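Work through the exercises below with the sequence and the model open. Each task is followed by a solution in steps.

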Amino acid sequence: MKLEYLDLYEIKGPLVILEGIEGASYEELVEITLESGERRTGRVIKMDEDICVVQVFEGTSDISLKNARTWFSGNVLRLPLSGEILGRIFDGKGSPTDGLGAIYPDSRKDINGLPINPVSRKYPRNFIQTGISSIDGLSTLIRGQKLPIFSGSGLPHNELAVQIVRQARITDEDNSKFAIVFAAIGVKSDVADYFTRSFKESGVLEKVVMFQNLADDPVVERITTPRCALTAAEYLAFEKGMHVLVIMTDMTSYSEGLREISSSLEEIPSRKGFPGYLYSDLASMYERAGIIEGKEGSITQIPILTMPNDDITHPVPDLTAYITEGQLVLDRELAQKGVHPPVSILMSLSRLMKDSIGEGFTREDHPDIANQLFASYAKVQEVRALASVIGEDELSEIDRRYMDFGKAFEDRFIKQLHDENRDMNKTLELGWTLVSGLPREELDRIKPEILDKYYDEKGSGGF
Amino acid sequence: MSKDTGKGYISGISGPVVFAKGNQRLGMLEMVYVGHNRLVGEVISIDNDKAVIQVYESTTGLKINEPVESTGNPLSVNLGPGIIGEVFDGIQRPLHELVKKSGTLIEKGIFAPAPDNTKKWNVNILVKPGDDIHPGSIIAETEETASLMHKVMVPPGIRGKVTKVSTDGEYTIEDEIIEIDTGKGLEKISMLQKWPVKRGRPFAQRIPAYMPLVTGQRVIDMMFPLAKGGTAAIPGGFGTGKTMTQHQLAKWSDADIVVYIGCGERGNEIADVLESFPKLKDPRSGRSLMDRTVLIANTSNMPVAAREASIYTGITIAEYYRDMGYHVALMADSTSRWAEALREISGRLEEMPAEEGYPAYLPSRLSQFYERAGYVRNLNGTTGSISIIGAVSPQSNDFSEPVTQNTKRFTRCFWALDKSLAYSRHYPAINWTESYSEYINELSEWYEEKTDRHFREKRTRLLAILQEESRLMEIVKLIGKDVLPDSQKLTLEVAKVIRVGFLQQNAFHENDTFVPIEKQYRMLNIMLYLSERTDDLVKKGIPVSVIVESGLFNKISQMKYTIPNDDLSGIDDLKSEIDEFYNRITLKYSNTGGRNQT
Ligand SMILES: Nc1ncnc2c1ncn2[C@@H]1O[C@H](COP(=O)(O)OP(=O)(O)OP(=O)(O)O)[C@@H](O)[C@H]1O
Ligand SMILES: [Mg+2]
């Protein structure tokens, strides 16, 4: 069987098309060598008789129909792996870029992974204390969860991610089993640098594996970057027993890369030009988070994405939230008021917290106080809307109380310093102090016995 | 390269779709084996000598010219004891068995028979030589789980006279248990039968719905009930509670069998069911919930074509148990992911798309699916039902998108989940103005018998208070609550009790997660009574603030927690408290001159 072919049949965006191919296999890796000696890699994405469509990771610029030789590897893209990947930096295809030489692999894994058999999953139940009240108290992060940050340009999503990395405590285990896999997808180099610097400052750099596809790197590699990162994460988690936190940013750039490829394939688009399979494609990555029965480690994902125009109904955040187990949404208005981290309480949600907080997990009062804070803060929004129409002075007494509660809640609960680390008890106490500033009969989400125990009748809430 | 006749060969590959040439005998919807790994596929279109096949496993690594084997059969499921309590993927591969074969990840080309063909069942034969049997006739029984008697039926299309029966005893699903003379020869019958998933199993006739699927969820049972044999849609944006609602129904509804299809959703949700259901007790049988549940799990990261099949696999299994005379509830979470699978495959075929890239046949596929629900008289004379509850995940929370709109056409209950309710943690976030049930009339006789003849009127009154509240809130938004007259302020207070105390239901509280019809109705009654009495007080000129201060409203809001499901006597106490308060205040205000006090 012939493995190497001269010449191409057609070049179309990031795709090259070859003719007269025999024996190629679907999704196999190909290597294209230009006359200059430069090598590029690609992947077979469509086959029709002897025609193969190949997606070129580094892009097709400078390729001509006559200057390329194509070699079929017979294999899918595999990532070389060993314990040495910790502390290393790779490009979007998994080649080292830090000048420290190749990895001597003890295994090579298909970057697409294989689906976890759903019956082999262990339902995640251990919370990760991030030390951030808005998260720990109201959208608790659970080990093995996928919890994205939805942000907008200019909002401090990176700072939040870094604070989480720095403060994250898995309450019951030692930190030597903790690793971070970081995938930079189409982000500017200053963002990647910011993360590197922060990892260094918090002394975790040797626990980090980085995969970088920067804004000016080839678009097609955006597709492989998160997959390489997740393959590395799976290796560390399920073969080395580590608890891995995967940060992937920016999933919007990823999806735009996918859109670009789809449109050069002339596929039928669904919303905003994104391919109809965007959901399945994103799911094939997000679902790689989790815990597997009988294995020690875990993968927790924090994908970050910027919502174009702050629009949460845009397909990328929308489909992401349909797959992930909740979302942390950042709010421009809060940020403008100086509330950092500007976590929008009402729009944020951790799906997994329902089974992982309360008695035996965090504290018996956690579900009720969380519920009440949500509900009362939702009420604040109503009152604010009313106040903006009739003026604050016209508000009833109780409504004014809500206005004050809202402000105190934002200033003292949501807002916290970049290096302020509050433990779970502190967060919950803060919640009780605040609701105790509201009349008891307003607290309709709390079970009577819990109210009796924690509500401070004389409390003023400090507002 | 096998280009020999009888077998075809792969001529093209695009994602989950493979094109095959060289075998003109491939039939539409025929199941085929693709490639050297024998991946399962299905023929979905034929164009001259080229067949289009959707492959239920990953196509990575396939090559042009690999063989495509025909099987001569359509994609079918195997039916027999051993289904309940199991977890299958979209093409009925038993997931627990696959773990034994390939570990915790699903490798390609692995296979295990379903249901288990080695397990021996203790079978009771119910026929004797000389008996006439027909399609659907029940010929034997075996206890499939502690709470379920499996009825072994004659497969559709087979009739004749029993010539030989095996003795009662232990048999596998493939062992012969009886032999019949069909008139054209002898035929052996075992407990196993196959049925093509895309065809509905036959029944004698449809029967009008008259009984609700009791779910124990107040907003459903009292406001927007679903009939046994009916269809319901749960549309809602991400995180609004579709899965939670489906899980609640799977746990607590009074069905004999629950078929839960996790279609293109999260792996952890399946893990959740597998961890929680075995520990929960079916409120009726007292047995583990898993003893009446079968899961079809084709999560979002599993092959998309098998996701398309999962819906059919699930409904076919549901029909099989319906045929035994059981009430089956089927949950599909989410039908939107199924529709997207159709869209993805259709896109690969370069078919002309209709709205938003969905194929033009989307509406007909949806209607065919929902049409397989129903309350029926079976071929064997028993009656059974399938109720379908389909979650819909509208993109961008936009209910005008094609899947939501078309589902609305073919379902008769619409439980619209509302983002703003979910944001304020009002759960279940079923919006009471947008939701509806078209079964109210058909079910009213049942409800009147279980409650009293005022049921419909009371339900209407409750809805009216909520409607009045929405209207008033429009005004309040503009000018605040203070300017409203007392009677309207009271309406707001009462409506709040109804929203918080009645519509909201806490899935995590033992008294509230499931509530029997009697308690539901008595809660509704006491809230209306509260409304009536306090209304009267306001009419007498007693200020709302005085009424609210009584704490009665709070107490009644909390009754869902304070009154245990198995002892409703506390409700009478609440009623007495209302009366006492009413009398006390009336007395006080009439002594001091009533109206003048305000
Ligand atoms: N009845 C309920 N009681 C308490 N919490 C609920 C209820 N319904 C929903 N929730 C909360 O909302 C979260 C999301 O619910 P759920 O997973 O059912 O949403 P969904 O509509 O299925 O979302 P998706 O489309 O993304 O799958 C839950 O994790 C839980 O926190
Ligand atoms: Mg869901």
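The model is predicted, so local features need pLDDT of at least 70 and side-chain atom pairs count only at pLDDT 80 or more, while totals for chains, interfaces and linings use all residues. Residues are numbered from 1 along each chain as its sequence is written, chains are lettered from A and ligands numbered from 1 in the order in which they are written, and side-chain values use heavy atoms, with hydrogens and water left out.

**Exercise 1. Chain B in outline**

Task: State how many helices and strands chain B has, and what percentage of its residues count as buried.

Solution. Step 1: take helices (H or I, at least four residues) and strands (E, at least two) as DSSP runs, numbered from the N terminus. Chain B then has 17 helices and 26 strands.
Step 1: apply the burial cut-offs, with buried under 20% relative accessible area, exposed over 50% and partly exposed in between (1.4 Å probe, protein chains only). Of the 598 residues of chain B, 61% count as buried.

**Exercise 2. Strand pairing in chain B**

Task: Find which residue is the bridge partner of B:Tyr9 in strand 6 of chain B, and which one in strand 15 of chain B stands opposite B:Val165.

Step 1: start from strand 6 (residues 67-74) of chain B, which runs antiparallel to strand 1 (residues 8-14) of chain B and is joined to it by two bridges. The partner of B:Tyr9 is B:Pro67.
Step 2: strand 6 of chain B also pairs with strand 3 (residues 30-34) of chain B, in the antiparallel sense and over four bridges. Here B:Pro74 stands opposite B:Glu30.
Step 3: move to strand 13 (residues 160-165) of chain B, which has two antiparallel bridges to strand 10 (residues 132-133) of chain B; B:Lys161 stands opposite B:Asp132.
Step 4: strand 13 of chain B pairs with strand 15 (residues 176-181) of chain B over four bridges, in the antiparallel sense. B:Val165 stands opposite B:Ile178.

**Exercise 3. Aromatic pairs**

Task: Decide whether the pair A:Phe182 and A:Phe195 is stacked or tilted, and do likewise for A:Trp432 and A:Tyr454.

Solution. Step 1: pair rings of Phe, Tyr and Trp (its six-membered ring) if their centres lie within 6.5 Å; planes under 30 degrees apart count as stacked, over 60 as edge-to-face and the rest as tilted. The structure holds 23 aromatic pairs over all chains.
Step 1: A:Phe182 and A:Phe195 are 4.4 Å apart centre to centre with 35° between the planes, a tilted pair. A:Phe182 lies in strand 14 (residues 178-187) of chain A and A:Phe195 in helix 3 (residues 189-201) of chain A, 13 residues apart. A:Phe182 is buried at 0% relative accessible area, and A:Phe195 is buried at 0%.
Step 2: A:Trp432 and A:Tyr454 are stacked, with 5.3 Å between centres and 15° between planes. The pair links helix 11 (residues 424-435) of chain A, which holds A:Trp432, to helix 12 (residues 448-454) of chain A, which holds A:Tyr454. A:Trp432 is buried at 2% relative accessibility.

**Exercise 4. Burial of a helix and a glycine**

Task: Determine how many residues of helix 7 of chain A are buried, and where B:Gly230 is found.

Solution. Step 1: nine of the nine residues of helix 7 (residues 315-323) of chain A are buried, so this helix is largely enclosed by the rest of the structure. Among them are A:Asp318 and A:Tyr322.
Step 1: B:Gly230 is in the loop between helix 2 (218-223) and strand 19 (231-235) of chain B, and is buried at 1% relative accessible area. Its C-alpha is 7.4 Å from that of B:Ala209, and the two are 21 residues apart in sequence.

**Exercise 5. Domains of chain A**

Task: Give the distance between the centres of domain 1 and domain 3 of chain A.

Solution. Step 1: take the bounds from an automatic or database domain assignment, which gives domain 1 (4-75), domain 2 (79-355) and domain 3 (366-454).
Step 1: with centres taken over C-alpha atoms, domain 1 and domain 3 of chain A are separated by 60 Å.

How values were computed. Pairing = 2+ DSSP bridges.
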